[in-house]
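Open the model in your viewer and keep the selection tool ready. We will go from the whole chain to single residues.

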Amino acid sequence: FPKHYPHEELLNLTKNYVMSGLMHRVTMPEVPKQINNKFDSEWLQSWGQFMSGAKTPFGLETASFTALTIPVLEDPDWLKPDPTKLKRVIDWWSAFYHNISAHNADWAKKLFDYTIDEPTAHCNKKVKPRCEDHMMEIKNRADALHQANSALRTLVTTEKCTTSGIKDGICHEDPVQKPIDKYIDLWVPMIQYLAGRSEAPPGGQNCGSVLPKDSQRHFYNNVSTPNMWWYEACFSEGGCSAGCKPHSTFSQCLQGWPSMMIDHPAIRMRVWQWAAYLYNIHGELYWSSNGAYRKSFTPGSTNTSDPWVSQLVAGGNGDGNLYYPGRPNKIGGTHHIPVPSIRLKLTRDGHEDFEYFTLLEKKKGRAVAVNMMKKALTAATQYTTDPKTLLETREQVAKLIQG
């Protein structure tokens, strides 16, 4: 949000977006630290309700954050940390954890540090010095975080094996990253790397560069279920430069996984959580919910990135954007409000489907729940395209829960 917004107005607007997210089963864990970076009475007044269970205007009776990013006081240069700055960071983390834990121990369990994003991207490009730098940054930051408190978790968006690790049809973990595994607590691989694909795409393309189904799931067997998330990136939706081109020009090898793009079939948004249940994933990371806003809602702005006009971001229509800015000059009224997209509504429905399968598992066991799911989805790229089949499956699950 623009820096010139008055603090109170910015805080209220931000809280409206956070509330809207929770009403759609979505947590915005990075938001609080943008406004309040230390745990004190002001933090509690602003964000406490969202941690303990906020009363929503409609829908859910209450909703609360499922995760929370711990703030970082400053950047000590994680490759070669400055000792004085590093001590301040560790003391800051320690105090934040102590204060939030003393207030509510369950809140403290939701904390994580977004340690680094996609560190192996450079490894895949054979840029070894930079790749190894990222590994050292992970180690140094993890050491500092765990020195502050051993219960704090690192989160890294990475995979134990990517397409560059396929040799003779077997997936091998990157040797540069392997020694760093022990410093990663929350694993967040891309959906297509974790799930792979179970069939050749339409057109018979050779997808040797795409991991085969379940070829690396075993790498994560020692990761506790709550610490196993996944995420969708531009490569999950057809390519990072796909843009407005017809679907036929996308790489068909990068098609078919659940997607949040505007111009993809709606069912691809709904089945993301079905696939998450099937693969025993307990968190979905999405890089932004208003990535197309930029300056679009700044008074007097003529920025062409206005989400009401275009949402083409990172090669995808709607990538990182699940809202429209409800400005008075656009929808009327007296103040800016969040306008949820239909895609966000579909994601909410998918989360509720996940909850249905979880309830069925508790009542009749996971095998029964998975067998019911397979009437509509058998793999991350194999699912019904008929909404009727999906809805009938959900209704049958509900009857088994009630029966």
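Predicted model: local features only at pLDDT ≥ 70, side-chain atom pairs only at ≥ 80, totals over all residues.

**Stop 1: the whole protein**

Show everything as a cartoon. You are looking at 14 helices and 16 strands. How many of the residues count as buried? Of the 403 residues, 52% do. Next, think about contacts between residues at least 6 apart in sequence. Of these, 68% join residues at least 24 apart.

**Stop 2**

In soluble globular proteins, nonpolar side chains tend to be buried together. Select Trp43, Trp93, Ile100, Trp230 and Tyr279. They have the most contacts inside the largest nonpolar core, a set of 92 residues. Which helix gives the most to this core? Pick helix H1, residues 7-23, which supplies 8 residues.

A second, separate core has 11 residues. Select Phe112, Leu155, Leu186 and Leu285, which are among its members.

**Stop 2: a pair of helices**

Two packed helices are described by the angle between their axes and the distance between the axes. Select H12 (residues 342-364) and H13 (residues 366-373). Their axes come within 7 Å and cross at roughly 140°. H12 and H13 are therefore oblique to each other. Now show the side chains at the contact. H12 brings Phe357, Leu360, Glu361 and Lys364, while H13 brings Arg366, Val368, Ala369, Met372 and Met373. Colour them by type: 6 are nonpolar, 3 are charged and none is polar.

**Stop 3: two positive phi values**

Select Arg25, in the loop between H1 and helix H2 (31-35). Its phi is near 65°, a positive value in a residue other than glycine. Is Arg25 buried or partly exposed? Its relative accessibility is 23%, so Arg25 counts as partly exposed; buried would need a value under 20%.

Move on to Glu118. This residue lies in the loop between strand E4 (111-117) and helix H6 (121-124). Phi of Glu118 is near 50°, again a positive value in a residue other than glycine. Glu118 has 28% relative accessibility, so Glu118 is partly exposed.

**Stop 4: the loop between E10 and E11**

Select the loop that joins strand E10 (284-285) to strand E11 (312-313); Ser289 lies here. Why does Ser289 count as buried? Its relative accessible area is 16%, and buried means under 20%. Show what surrounds this serine. Not counting residues up to four places away in sequence, Ser289 touches Met28, Gly320, Asn321, Leu322 and Tyr323.

Stay in this loop and pick Ala292, which is also placed between E10 and E11. Ala292 has 3% relative accessibility, so Ala292 counts as buried. Ala292 and Pro307 are 15 residues apart along the chain, and their C-alpha atoms are separated by 5.7 Å. Draw a distance line between those two atoms to finish the tour.

Methods: Residues numbered from 1 in each chain as written. Heavy atoms only, no water. Helix = DSSP H or I, 4+ residues; strand = E, 2+ residues; numbered from the N terminus. Buried < 20%, exposed > 50% of the residue type's maximum accessible area, 1.4 Å probe, protein only. Contact = heavy atoms within 4.5 Å. Axes fitted to C-alpha atoms, helices over the stretch in contact; angles between N-to-C directions. Parallel < 35°, antiparallel > 145°, perpendicular 65-115°, else oblique. Nonpolar A, V, L, I, M, F, W, Y, C, P; charged D, E, K, R; others polar. Core = buried A, V, L, I, M, F, W, Y, C linked by side-chain atoms within 4.5 Å.
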